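Dear colleague,

Please find the structure that I am handing over to you below. My findings follow it, and I would ask you to read them with the structure open.

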Amino acid sequence: MDAPNQCRWLAGASPVNAVWPLVPPLLQDELISSWLVRCALAQGCGPMTLTREVWPDLRFWCTDPDRYLSHAQMVELSRLSGMSADALHASTLIPLYRMMTGNADFPKRIAPWFLCLGIRNRRRSGGLQYCPKCFEQQTPHYLIQDRLAWHTACPVHHVSLLDRCECCHAPLCPQLITPPDETLGRCHRCGYELYIAPTQTASVDAVSFQNATDGLFSGPPRRYGDRRLLLSEWLSLSRWMIGILRTAARERSPCSKSFFLEMGVNVDGLYPPETGLPFEYLAPDERATLLANVWCMLKVGPDRLIEIAQRERTRPSLLLPRSGELPASLAALVTVLRSKRHRSNPRPQADSPRSTKSVLMRWHRLLRKFQR
Ligand SMILES: [Zn+2]
Ligand SMILES: [Zn+2]
């Protein structure tokens, strides 16, 4: 079941001297929320009943359960479950966030590269993914990488990940599974066996980007032109590329088309996401398309990118982020853009009617919320 580039965030762990009668082992790379639901089902109760026993004052499932657990909360869970506090901590997203930002506390707003659950009470609108083939071959469980936005494919089976039930289209909400169900293998809403879902071969370029990014957590920096990029630099460069790809898909122009064509990207094949939501809210296939193109652009390198931008007279509004800051590895692009800066179009008046595109986008966001 192993693959050469499969990442390993957590080795797995077994309980010692647990108070609870039946505690399943924490599986390799398993998320704490996934293990807690399996714990509850093993005791024959719902996840909410279990977490109320551990933390009576905490509405655990109404917040993102993988992002925050205080030391005191971890100690109490460790006492009841017999699982070491270190293993529990390693099964949250906190260690990864610290490696990516140097900070252990997740922000209240979107944390770049971590999928958003879109929580309302205990319901969600997305933010968790799975591989049907892994669910078929192993005890169904969710992995740390199933919450990471650059993960769109299973590195073992090379198929695209899914983020909802293929039968009723409900987002994955394992925290709503209750007895008599004993595993995470079925949709909480319609009971569909998640492993039956048809699979699609993953995009090779999206998988390459995924493997390269995973490799930066434990391996050497990656080369980009003359520079060697650390994880944070790699992520900020990739995020900038996602931004300009989305802008190009939204505002098509012959100028941006020729720029991207030279970069190995066919803009005609790019479509803005129906919801227009930030990257961390998008479905796996939408993210895979963007990341596959990011990989193509990364392969071109900084010198050629700047040369193409200069030759194609690419407009600054496409390449310059709203913050005005370019990734450090492309700082030289500023001089190219400065020479061509022009006044942007005036913003539409606040009381003018919304465009059809904007209304449709709002409609799709509303539909997404109804799926909770
Ligand atoms: Zn798999
Ligand atoms: Zn379903």
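Cys131 and Cys134 are both buried, where buried means under 20% relative accessible area, exposed over 50%, and partly exposed in between (1.4 Å probe, protein chains only). Both belong to the protein donors of the zinc ion (ligand 1), which are Cys131 (SG), Cys134 (SG), Cys154 (SG) and His157 (ND1), at 2.1 to 2.3 Å from the ion. Donors are N, O and S atoms within 2.8 Å of the metal (3.2 Å for Na, K and Ca); water is not among the atoms, so sites may look incomplete. Along the chain, these donors follow the spacing C-x2-C-x19-C-x2-H. The four donor atoms subtend angles of 106 to 113° around the zinc ion (ligand 1), so the arrangement is tetrahedral. Four donors count as tetrahedral if all angles lie between 85 and 135 degrees. Ideal angles for four tetrahedral donors are 109.5 degrees.

Please note that this is a predicted model, in which local features need pLDDT of at least 70 and side-chain atom pairs count only at pLDDT 80 or more, while totals for chains, interfaces and linings use all residues. Residues are numbered from 1 along each chain as its sequence is written, chains are lettered from A and ligands numbered from 1 in the order in which they are written, and side-chain values use heavy atoms, with hydrogens and water left out.

The zinc ion (ligand 2) is coordinated at 2.3 Å by Cys165 (SG), Cys168 (SG), Cys187 (SG) and Cys190 (SG). This site is tetrahedral too, with angles of 106 to 114° among its four donor atoms, and its donor residues are spaced C-x2-C-x18-C-x2-C in sequence. Cys165 and Cys187 both lie in the loop between helix 6 (132-137) and helix 7 (204-218), so the pair ties together parts that are 22 residues apart in sequence. Helices (H or I, at least four residues) are DSSP runs, numbered from the N terminus. Both Cys165 and Cys187 are buried.

The loop between helix 6 and helix 7 also holds Leu184, which is buried, with a relative accessible area of 1%. Leu184 and Leu41 are 143 residues apart in sequence, yet 9.0 Å apart in space, C-alpha to C-alpha. Leaving aside neighbours within four places in sequence, Leu184 is in contact with residues including Leu41, Phe135 and Ile177; contact means heavy atoms within 4.5 Å.

Pro180 is found in that loop as well, and the peptide bond from Pro179 to Pro180 is cis, with omega near 15°. His158, again in the loop between helix 6 and helix 7, has a positive phi of about 55° although it is not a glycine. His158 is partly exposed, with a relative accessible area of 45%. Trp113, in the loop between helix 5 (94-101) and helix 6, has a positive phi near 80° and is buried, with a relative accessible area of 3%. Most residues other than glycine have a negative phi, and most peptide bonds are trans.

Lastly, helix 8 (residues 231-250) reaches 29 Å from its first C-alpha to its last, close to the 28 Å expected, the expected span being 1.5 Å times one less than the number of residues. Of its 20 residues, 14 are buried, so helix 8 is largely enclosed by the rest of the structure.

With kind regards

Definitions and conventions: Four donors count as tetrahedral if all angles lie between 85 and 135 degrees; four count as square planar and six as octahedral if opposite donors are over 155 degrees apart and all others between 65 and 115; anything else is irregular. Helices (H or I, at least four residues) and strands (E, at least two) are DSSP runs, numbered from the N terminus.
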